[in-house]
Amino acid sequence: MTLTKIISNRWLLIAFTAMAMMFGGASQAADNVGFVYVSPIGDAGWTYQHDLGRLQLEKETGVTTSYVENVAEGADAERVIREMAKRGDKVVFATSFGYMNYALKVSNTFRKTAFVHATGYKLGKNMGLVNARFYEGRYLTGVIAGEMTKSNVLGYVAAFPIPEVLQGINAFIKGARSVNPKAELRVIWVNSWYDPGKEREASLTLLSQNADVITHHTDSTAVVQAAEEKGKYAFGYHSDMSKYGPNAHLTATTHHWGDYYVKTVKEVQAGSWKPTSVWGGYKEGMIKLAPLNKAIPADLQARIREMEKQLTAGTLHPFAGPVVDQGGKTIVAAGQNMTDDQLNKMNYYLQGVVSKIPN
Amino acid sequence: MDILTSILFATIVAGTPLIIVALGQLIAEKSGVLNLGAEGMMAMGAIAGFAVTLHSGSPWLGVLAGMAAGAVMSFIFAIVVLTLMGNQVASGLALSILGVGLSAFIGKPYEAEILQTVSAIRIPLLADIPIIGEALFNQQALVYFSWALFGGIVWFLYRSRPGLVLRAVGESPHSAHSIGYPAIRIRYMATIFGGAMAGIGGSFLSVFYTPLWVEGMVAGRGWIAIALVVFATWRPFRVLVGAYLFGGVMVAQLFVQGSGLEINIPSQFLSALPYLATIVVLVIISRDQNTVRLNAPVSLGQPFRPEA
């Protein structure tokens, strides 16, 4: 048994907390850190990666942690976050965009607790922000896709047209076009973060429309599986999904939150923590590629490794100019890089995407 | 496969779980039992089917296990509403929540597992018909099963004596009981049949459609199946039409999005389109009040206590 309190039901959590308060509370030996997850941890995906970070945190700092999974982005989230703060958690990590306002609200009441919200944009007096430059990994997978495609048609299953998703789509086609100017990208929106059946249908649709390398910005492994079944290539997202498609899975853009969690908790314990907004990528070790499939030729693998070094060094920017949108308008002139502000407001497709953006 | 064939193929696959589940519910409802637990029974069928397929290596045992899981769930429901006279709507909702939650609990260790894809069964000659051949006759076995189920249910309901008795129980359990038919036992059987079909529908999702198990993978298909039965005014053929229409519009909108055609329709609207189209079409073809009255089981959802 680890010290981890695994409480996968928010009601249980609330009941336990109430009980603990009633019986005068057992003294806490170590600091506790709370995590709020939007979906079940599962075996791959967004929440799974956060949980890997949580486990790393436990191992490296000796704090105890507890998590509540499958917390809807609504009033429930506020309840869970509030309970964690109330019972004295040192740090509360709220790991989904939709928790933003609830976490902020609770943070205003519990001034001594440190809150960290993932992927949002509202910084609080005691609430920091963290996000990752997913598009850096997307750019690299785009380069691989551009080289590996035979039909020059790539496919992308996407959830909702928000800037974060569009950054991924645009980085992917920009990477592909940097090595293969004939590459085109088809995008299908499934309007759901999570519906394996629909994600599969969308994948099969793309494959039947000649796409031979596909990827997704949704939460299941259905896209990789569909590609495996049809003998085509795919990239995983969030986690290494290679076991769902050993032949199809070329690599995956994966997220790594552990180092950041460790750093944050250590700072809080030392009393030096200040709420900041962190947008980390290759440089911070928050984005990595999963192992490269041996189907990728050695020289391409070497080039990807080289580009990884450049991303880490900051000499390669996926959205380096010229950046031209679908309609032919230049967004970023040659010689310049897209600014973070521009990235955060992205609401268009770049040249090479043949689908139309939903309005 | 050309585009048309692919669309047709995908339509049939997407419609199949809905057909199986909805036809099962149709039988239960025809006997007068409204079971809103389809979503939960499908989830249980999905995890049971997945787990058994994984351990045994046989998708057919998996389907059987899914069927059994659905049947057990509906048996629990039947005890509550038929023997203990519980409220059918409330009990059905509870069954749904129970099934979704319980399947997530049981399924925890299976989230990391994957199944081999089950290959399709190609019917010689028929599959060679241009355009429709590949789409209709090179499909998963459960697709053929859904057609057989449809034929069987049409025959049973409208051409067989037990079917007539079943309908009579759904119309007026008191009359059926007074002339000597075991109304409660018939309702039990119909409910369990509905559960078994929901279980098969669930196992189709986890074993054939997307061979994986994840919590919440039924994603509302149980509710769609229940709605289909109502909008199809309890007629099997319309259930079939509705299910394929739903699948077809869903698949077609994906194709339109991928093709890059110039459409100025928000994708959110396109995603809602299958629901909208299905409801509109079924409401229009079923707008005749008399046929609705003829086909709707009068005692649907009402408890029945046989007088001694």
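**View 1. Helix α7 of chain B and its buried residues.** In helix α7 (residues 161-171) of chain B, the buried residues are B:Leu166, B:Ala168, B:Val169 and B:Gly170. "Buried" here says that 20 or more other C-beta atoms lie within 10 Å of a residue's own (12 or fewer is exposed, in between is partly exposed, and C-beta atoms are placed from the backbone). Helices (H or I, at least four residues) and strands (E, at least two) are DSSP runs, numbered from the N terminus. And what sits over those residues? Their cover includes α1 (3-30), α8 (173-178) and α9 (183-209) of chain B.

A quick note before going on: this is a predicted model, where local features need pLDDT of at least 70 and side-chain atom pairs count only at pLDDT 80 or more, while totals for chains, interfaces and linings use all residues. Residues are numbered from 1 along each chain as its sequence is written, and chains are lettered from A and ligands numbered from 1 in the order in which they are written.

**View 2. Chain B as a whole.** Zooming out, chain B has 13 helices and 2 strands. Its C-alpha atoms fill a box of roughly 65 × 50 × 40 Å along the principal axes. Buried residues make up 50% of chain B. The pLDDT (the predictor's confidence in each residue, from 0 to 100) averages 90 for chain B, and 99% of the residues score at least 70.

**View 3. The open sheet of chain A.** Six strands of chain A line up in the order β8-β7-β9-β10-β11-β13, with mixed pairing. Two strands pair if DSSP finds at least two bridges between them. At the edges stand β8 and β13 (287-289) of chain A, each with a single partner strand, so one side of each has no neighbour in the sheet. From one strand to the next, the twist averages 15°. Look inside the sheet: β7 (residues 153-158) and β9 (residues 213-217) of chain A run parallel, joined by 5 bridges. A:Tyr156 stands opposite A:Thr215 in β9(A). Helix α8(A) lies across β7, β9, β10 (233-238) and β11 (249-255) of chain A, at about 165° to β10(A). For such angles, axes are lines fitted to C-alpha atoms, for helices over the stretch in contact, and values run from 0 to 180 degrees between N-to-C directions.

**View 4. A:Glu136 in helix α5 of chain A.** A:Glu136 is found in α5 (residues 134-148) of chain A. Buried or exposed? A:Glu136 counts as buried, because it has 28 C-beta neighbours inside 10 Å. Setting aside neighbours within four places in sequence, A:Glu136 is in contact with A:Gly281, A:Tyr282, A:Ile287, A:Leu311 and A:Pro318. (Contact: C-beta atoms, placed from the backbone, lie within 7 Å.)

**View 5. Where chain A touches chain B.** The contact takes 31 residues from chain A and 35 residues from chain B. On the chain A side, β8 (184-189), α7 (196-208) and α8 (222-229) each supply at least two residues. Which element gives the largest share? That is α7(A), with 9 residues. The model scores ipTM 0.73 and pTM 0.80.

Key:
Contact = placed C-beta atoms within 7 Å.
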